[in-house]
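Here is a short briefing to read alongside the model. Take a look at the structure first, and then we can go through it together.

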Amino acid sequence: MIFASDYFKQRFGHKMYKASISLDVTCPNRDGTRGTGGCIFCSAGGSGEFSEAPGNVAFQIDAAIERVRGKAGEDAGYIAYFQSFTNTYCAAEYLDGVLSQAASHPKVEAVSIATRPDCLPDNIVEIISKYSSKIPVFVELGLQTFRDDTAERINRCYKTEEYAQAVDVLHGIGVNVITHIIFGLPGETEEDMLNTVRYAASCGTDGVKFTCLYVLKGTPLETMWREGKVEVLDREEYFEIVGRALELLPEETVVHRLTGDGPKSLLLAPMWTADKRQVVNYINRRFRR
Ligand code: SF4
């Protein structure tokens, strides 16, 4: 495996930063098409609390670049990151328009689209394919677990085989697939979590993003956690699993994230994830040496 920072430097010749964008979309797991209420851990913002309110894409990219300019410097490149909710759950013309705005932004060198495997109909795949011949395109799929019974417990509302099919379709159009995996989902053993990593690798995912399950205010998970039906992982437990997961990945798999951090205003547990600086220091000590 290779860490994303090294991969991006090799591929783009410099550091890459994400410019997060919110689109005017929702999710089929919220509007009743596939389910209602959303995945049990998903906040009302659809995991997009770090991006701007929906609106003009170029404006959102400029605002995101402005926020990190001091840290990034003038030589950095940017990935337009369509982050919140399900960014292919829309009309093909709308996706075409927003990708066009992102791909033509002078500072944007790649785009990354977060979505669900069951939201890639032919007309959407055609649009993604059109842009993947112009600019590197990453599609981020929220797998979370390979176990269909866990998927039911967390209200994911699609079958794991749909993920495998989506990876094949995306590879067929030259898109780089990043798979989101959560460690600590209710009812899962460590072996289950590692089997999810093995499964994603066997499907040929190009990259992974790991996160520990965290509890946000206002989610169904909050109720389960308050009722004592769910426990969260402590820092040592979590990074032990991450360490084992990294050993399972093929040499060329890119690790884009070792853990996520929920919005502080909504985070209830585990609180060790709130101290981002400490987590980064810990990761650097433990994994990067
Ligand atoms: S599919 Fe994504 S946006 Fe939809 S409810 Fe689940 S985590 Fe939230």
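The mean positions of the 32 positive and 39 negative charges of the chain lie 6 Å apart. Here Lys and Arg count as positive and Asp and Glu as negative, leaving out His and the chain ends, with each charge placed at NZ of Lys, CZ of Arg, CG of Asp or CD of Glu. This is a predicted model, in which local features need pLDDT of at least 70 and side-chain atom pairs pLDDT 80 or more, while totals for chains, interfaces and linings use all residues. Residues are numbered from 1 along each chain as its sequence is written, and side-chain values use heavy atoms, without hydrogens or water.

**Overall fold**
- The chain has ten helices and ten strands (DSSP runs of H or I with at least four residues, and of E with at least two, numbered from the N terminus).
- Its radius of gyration, 18 Å, is close to the 19 Å of the globule rule for 289 residues, so the chain is as compact as a globular protein of that length (taken over C-alpha atoms; the rule is 2.2 Å times the number of residues to the power 0.38).
- Along its principal axes, the C-alpha trace spans about 50 × 45 × 35 Å.

**Burial**
- Of the 289 residues, 55% are buried (under 20% relative accessible area, 1.4 Å probe, protein chains only).

**Strand E7**
- Six of the six residues of E7 (residues 207-212) are buried, so this strand is largely enclosed by the rest of the structure.
- Gly207, Lys209 and Thr211 point one way from E7, and Val208, Phe210 and Cys212 the other way.
- E7 pairs in the parallel sense with strand E6 (residues 176-183) over six bridges (pairing takes at least two DSSP bridges).
- Val208 in E7 is the bridge partner of Thr179.

Key
Buried < 20%, exposed > 50% of the residue type's maximum accessible area, 1.4 Å probe, protein only.
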